[in-house]
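Thank you all for coming; I would like to walk you through one structure this morning, taking it piece by piece. Please look at the display first, and then we can go through it together.

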Amino acid sequence: MLTKTQAVDGAAIKKAIEGRDGKLLSSFYADDALVRVIDRNNPPSKPREIRGRAAISTFWDDICSRAMTHKVDTTIADGDSLAFTQACAYPDGTKVFAAAMLELKNGRIARQTVVQAWDE
Amino acid sequence: MRPIETRYALSGDVRIAYQVVGQGSFDLVFVPGFISNLDLHWEDEGYSRLLKRLSAFSRLILFDKRGTGLSDRVDAHHLPSLETRMDDVRAVMDAAGSGRAALLGASEGAPMAMLFAATYPERTRALALYGGYAHFHKWVMPPERLEAFIEAAETAWGTGATLPNFAPGRVDDAHFAQWWARFERLSASPTAAAALARMNAEIDVRDVLPAISAPTLLIHRRNDARVDPDASRYLARKIPNAKLVEVPGRDHPIWTGDVDRVADVIEEFLTGERAVTEVDRVLAALLVTRIYDTARMGDRMWSERSQRFQEIWRQQVGRHGGRLAGTQGEMMMSRFDGPARAIRCAAALREAAQGIGVASAQGAHVGEIELRGPPVGLTARVTMQLASHAGRGDILASRLIADLAVGSGLHFADAGRITLDDLDEPLALVQAMSEQHLEPDCRARTRTTEPAVLTARESEVVSLIADGKSNAAIAAELRLSEHTVKRHVANILLKLDLPSRAAAAAFSVRHTGPDGP
């Protein structure tokens, strides 16, 4: 666990995602954080739920291990809420677009909901 | 949805065809066995089912190994080493932008995946090995059998002749056998197939097993027809962080047999979560009807009667509230909402078959099937196997059918158990009986239980019952109407004061004299 942690804000998230830094990203989450992903395979009535920092670390490690580009835009912050969009591309040209809503608690991400769509 | 794109990765100067499908948060590379063809896989129901299952929780990366399918061929005189072939996995991962992936190696793909995991531990998230082995000659075939296999493959390649070596359980499935022949032709020429077989025969990765650090899952079918299950038991002992799951079945290719079972195990291992039960499955009773003993009929007669019987089948299924679920060779499948309807329809079909001079044999089973499309899963396969096992005029059903039909007025007799490849436990069977409604509810107490009281005709009927024959079969044999046979059976039971035809059969066996009962 990190003792000295970076403040979680739009700029920090942008840097971690665009730099594909899974470790840094994971450090932004509270121990009991919940990430919900809604996409083609995980419909709104049954979103994929990733609970706890360990599982969230694996999730980000998997995503950051991909040789793809990420671009984070439109970061909006309002108190303990944060929102951003993310445009990603695989080397073969496949594009993914995601929008994320985050709730912060004590300076850490407590809840995050990601809605994403892929080229297919 | 746009069609799945096939792309080519460059491995050295060899082009490796690959596809990427699915939107999961981690990558899964499927390393196929002997031969493959990326385009053709999607045309087989089992194969596309497997790929759909895997790509539902991962970003699935598929490729054809060098020497097969859509990838470049190899020089038969300078066969590449397993290391070179393994590096094709890395090349495909690089092209697909995958830094780290779980690998699923099936059959010959397993040793390649093991070698990859030992060589690139930082790029191996986890390893799932299905029907794999570390040493070809020890667990697949010794050198002399390999030569025979290659010789046979070179002369009969492209006809599907290798199918019995891989999936003996699908040999009678004409549709699949045809697909398999195309699979051979579109995956390799005879020369390429022989080259692949020789490359695979070189496989010996026993030394690298202790170097594998990724969490490893081993899956093997208990009666695998191609690769000895001991091969995976050996891997389980030698790979440090391995877990072995043995599943029932004998068909070797990962896309045959109970595909869902294998996919469930893989999904749970890779995601840590059990596969979510599918919502688009419903409980249904399936009935498979076939004409018994077609070999005795001439071709023309067979075709006429079979056509006529199919017409009757369509009518009767509709009349009993069922739905036609397609034909496969001589097997006609229908589905019903309840088991009693299925059995009543079966009884009607048995009688109708008799009317046009053929005998039927039928199987009925109940289980979950896919809501859409023709039933192709476990329930369908079990029902077809019951129909294959059913004798002349028989309606062979799983005990479940009888249990669910309680209160329907239908009668069933115990018919033992059957062991099927797909099932862990033997399946309890019953025979559907149709003559029971002619039995009196209360029998007069008669003390006459000696066979002498039976007429000559009744004695004949009893001994045929003891042979396990149905009324329809007995009627055919004695050239009587089925109705008359039913009367005889009812009279026999009454005279002997016996509760069922099974009891009559037992009685007959006990009282057999030199000339029968």
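This is a predicted model: local features need pLDDT of at least 70, side-chain atom pairs count only at pLDDT 80 or more; totals for chains, interfaces and linings use all residues.

The contact between the two chains takes 15 residues from chain A and twelve residues from chain B, where two residues are in contact if their C-beta atoms, placed from the backbone, lie within 7 Å. On the side of chain A that touches chain B, helix 3 of chain A gives the most, with three residues, and that side divides into seven nonpolar, two polar and six charged residues. In that count, Ala, Val, Leu, Ile, Met, Phe, Trp, Tyr, Cys and Pro are nonpolar, Asp, Glu, Lys and Arg are charged, and the others, Gly among them, are polar.

Residues are numbered from 1 along each chain as its sequence is written, and chains are lettered from A and ligands numbered from 1 in the order in which they are written.

Helices (H or I, at least four residues) and strands (E, at least two) are DSSP runs, numbered from the N terminus. Chain A has an open sheet of six strands in the order 2-1-6-5-4-3, with mixed pairing, and two strands pair if DSSP finds at least two bridges between them. Its edge strands, each pairing on one side only, are strand 2 (48–51) and strand 3 (69–78) of chain A. Strand 1 (residues 29–38) of chain A runs antiparallel to strand 2 of chain A and is joined to that strand by four bridges, with A:Leu34 standing opposite A:Arg51 of strand 2.

Turning to chain B, how is B:Arg417 placed, buried or exposed? B:Arg417 is exposed, because 11 other C-beta atoms lie within 10 Å; the cut-offs are 20 or more for buried, 12 or fewer for exposed, and partly exposed in between, with C-beta atoms placed from the backbone. B:Arg417 lies in strand 14 (residues 411–418) of chain B, and, leaving aside neighbours within four places in sequence, is in contact with B:Pro426, B:Leu427, B:Ala428 and B:Leu429.
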